[in-house]
Amino acid sequence: MKADLRLSLTLEYAVADFALRASLQVGSETVALVGPNGAGKTTLLLAILGICTPQRGYLSLAEQVLFDAAQSISRPTEERQLAYLPQDFGLFPFLSAAHNVAFAIACRGRPVARSRRRQLALEYLERFGIAHLAARLPGQLSGGERQRVALARAVASQPGAILLDEPTAALDVSAREEVRRTLHASLHELAIPALMVTHDWGDVSALATRLAVMEAGQLVACVAVSEAQARPPTPFVARLAGATTKGC
């Protein structure tokens, strides 16, 4: 079965006079979602997660329908097999690194004995080179270490797709390259659809194969990253890539 994430969603906010309209298909790849502040990028991730409910459209993952307005189908967030990495990593501050990962294992949908959850959590932390930090709370970890715990938790949930919101924005410059390398290896190993919101061209060039551009709630372009850098589809992308779009 193909691990495709397919969507065509319309979400309107009458009070804010804002409408989100996006159609996209993501295969076993990472697509970077870029655009100005307020363009609707994070709103799209929340709609995919099921936290925001579109008025029209559909969403499917590996041919399983997650949302279909016409058929009144809307699976709860916990049943969508999606991993979400928010900008602040979303770790439980009162749980150790190991217990954060074990929580994801417990939420897979089938029973796993507590002792086995602990063992698996340590194996996932080891995969990211941080098993020695298993007993530490998130507040005792560096930004890069918290990112690795969040990644281990996301992978441990065995998702069908992964959504990342500004994955390196909360890190200092010295940690970003290390985290990008870890992310690149992890996403390659997972081989599942990944949609990444970012304002950093370093994230785009290091992690993504395609670039999807949103402006004022509309998905206006979707091109290969190499093409976007050589021929930016919008002035915003030209600025983001450090290039100049002639004739814009």
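Helices (H or I, at least four residues) and strands (E, at least two) are DSSP runs, numbered from the N terminus. On that basis the protein chain has eight helices and eleven strands. This is a predicted model, in which local features need pLDDT of at least 70 and side-chain atom pairs count only at pLDDT 80 or more, while totals for chains, interfaces and linings use all residues. Residues are numbered from 1 along each chain as its sequence is written, and side-chain values use heavy atoms, with hydrogens and water left out.

**Overall shape**
- The C-alpha atoms of the protein chain fill a box of roughly 60 × 45 × 35 Å along the principal axes.
- Of the 248 residues, 50% count as buried (under 20% relative accessible area, 1.4 Å probe, protein chains only).

**Largest pocket**
- A pocket is an open set of points on a 1 Å grid over the protein atoms alone, where a 1.4 Å probe fits, with protein on both sides within 12 Å along at least five of seven lines; lining residues have an atom within 4 Å of a point.
- The largest pocket holds about 680 Å³ of space, a volume being the space filled by probe spheres set on the points, which are joined across faces, edges and corners.
- Its lining has 25 residues, and Leu82, Ala83, Tyr84, Cys107 and Ser157 are the closest to the centre.
- Two or more lining residues come from each of strand E7 (82-85), helix H2 (97-106) and helix H4 (143-156).
- E7 gives the most, with four residues.

**Second largest pocket**
- The second largest pocket has a volume of about 190 Å³.
- Among its 13 lining residues, Glu29, Thr30, Leu187, His188 and Leu207 lie nearest the centre.
- Helix H5 (173-190) and helix H6 (201-207) each give two or more residues to this lining.
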